[in-house]
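Subject: Structure for your review

Dear colleague,

Please find below the structure that I am handing over to you, followed by an account of what was found in it. I would be grateful if you read the two side by side.

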Amino acid sequence: MTLYYFYDDGAKAGLGHYRRIRLLAQKIKHITTHQKIEHVFCPISTYALQHLENLHTFCANIHPQQTLGAIVDSYIFEAKHFALLDSVFPRLLCLDDENRNVYPPKSFILNGALNAHKLYPHHDSQYMLGIDFALCDEIFTPIPLAQERVRAIFVSFGGSDHQNFSTQILPCIQSSMPSCTIHLVLGQYYTHLPPTGENLICHNALSAPQMQQVMQQCDIAISAGGGTLIELAQSLIPTIMIESALNQHFQITQFATLGAFKHAKSLAQIPKILQSLAPKSVRQSIKNTLATLHFGQNIQSALRNIFGL
């Protein structure tokens, strides 16, 4: 049996879609150890599947009786693309962030953001919503105890960082915590000139294990609101969130409302927020709050039910 994965790719899409799809495939492989399943990855821009005629041609070669279904993580696809996939595949799982009105009635919807149910007032059993369904990589392990002082700060703005927050934010950090080491993670699609500075260590296109190793050295983080936010929450690292894309807004506001992370609405707010995180007691309180969350505990059982595994 074959399972197909469609996802946005390339510099404009960043790495979030790719990362979520790979995590899903990893979890499905884990629960199908004794089953022979072929995983076919279909990056949308690479195969030009955003053009409906190309998607028709692609789907014409698929034998529905030999497939488990399809998983889609895309902002590029519109209702007509999803309708075509729904007509071909026996099951369709769609990853969503904003309750888009493009999914076929019988498709399954996955949104692993904190309090995601608030976005779907009329959801039913085909919706998997909330942090219990978050796509987590178990390699990111908690750091339960806060250090006496802040020694190192983790900074990441995703795979592309079109606004170049990575460079703009450095003076904000250095003015507030000049003695701290800054671990700046630059993504695969970062096209700007890499910054330089005192106490700055730049890391490029890290794998998940490498990212985890860097996080484990840090006391505070500054991040955009994408998938890295979940990894930081799993690691119990107090984090300042900056919105770099509209689809991140809901997740950022929910973490802020919980009191788990701090929301910076502009770079100018960074120094003051950093100072508010300096006391050990504040950082320990945030860790304690994050430790109450149950990341991804229901995702594997949901995948079993959806695909009959």
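In this predicted model, helix α7 meets helix α8 through L229, I230 and A233 on the α7 side and Q251, I252 and F255 on the α8 side. By class, five residues of this contact are nonpolar, one is polar and none is charged. Two packed helices are described by the angle between their axes and the distance between the axes. Here α7 spans residues 227-234 and α8 spans residues 249-258; their axes come within 10 Å and cross at roughly 25°. Because angles under 35 degrees count as roughly parallel, α7 is classed as roughly parallel to α8.

One residue of that contact, F255, also has a place in the largest nonpolar core. This core has 57 residues, and I153, I169, I222 and F255 touch the most other members. Leaving aside residues up to four places away in sequence, F255 touches L114, I131, L229, I230, A233, M241, A260, F261, L290 and L293. There is also a second, separate core of 26 residues, with F6, L49, L85 and Y103 among them. As a general point, nonpolar side chains in soluble globular proteins tend to be buried together.

The five residues of β7 are buried, five of five. A152, F154 and S156 point one way from the strand, whereas I153 and V155 point the other way. On the β8 side, five bridges join β7 to β8 in a parallel arrangement, and V155 has L184 as its bridge partner there. β7 also runs parallel to β10, with four bridges joining the two; in β10, V155 stands opposite I222.

Finally, two asparagines deserve a note on backbone geometry. Most residues other than glycine have a negative phi, and most peptide bonds are trans. N99 has a positive phi, near 55°, and sits in the loop between β4 (92-95) and β5 (108-111). N164 likewise has a positive phi, of about 55°; its place is the loop between β7 and α4 (165-168).

Are these two residues buried or exposed? N99 counts as partly exposed because its relative accessibility is 32%. N164, at 15% relative accessibility, counts as buried, since the cut-off for that class is under 20%.

Yours sincerely

Key: Residues are numbered from 1 along each chain as its sequence is written. This is a predicted model: local features need pLDDT of at least 70, side-chain atom pairs count only at pLDDT 80 or more; totals for chains, interfaces and linings use all residues. Side-chain values use heavy atoms; hydrogens and water are left out. Axes are lines fitted to C-alpha atoms, for helices over the stretch in contact, and angles run from 0 to 180 degrees between N-to-C directions. Angles under 35 degrees count as roughly parallel, over 145 as roughly antiparallel, 65 to 115 as roughly perpendicular and the rest as oblique. Contact means heavy atoms within 4.5 Å. Ala, Val, Leu, Ile, Met, Phe, Trp, Tyr, Cys and Pro count as nonpolar, Asp, Glu, Lys and Arg as charged, and the others, Gly among them, as polar. A nonpolar core is a set of buried Ala, Val, Leu, Ile, Met, Phe, Trp, Tyr and Cys residues joined through side-chain atoms within 4.5 Å. Buried means under 20% relative accessible area, exposed over 50%, partly exposed in between (1.4 Å probe, protein chains only). Two strands pair if DSSP finds at least two bridges between them.
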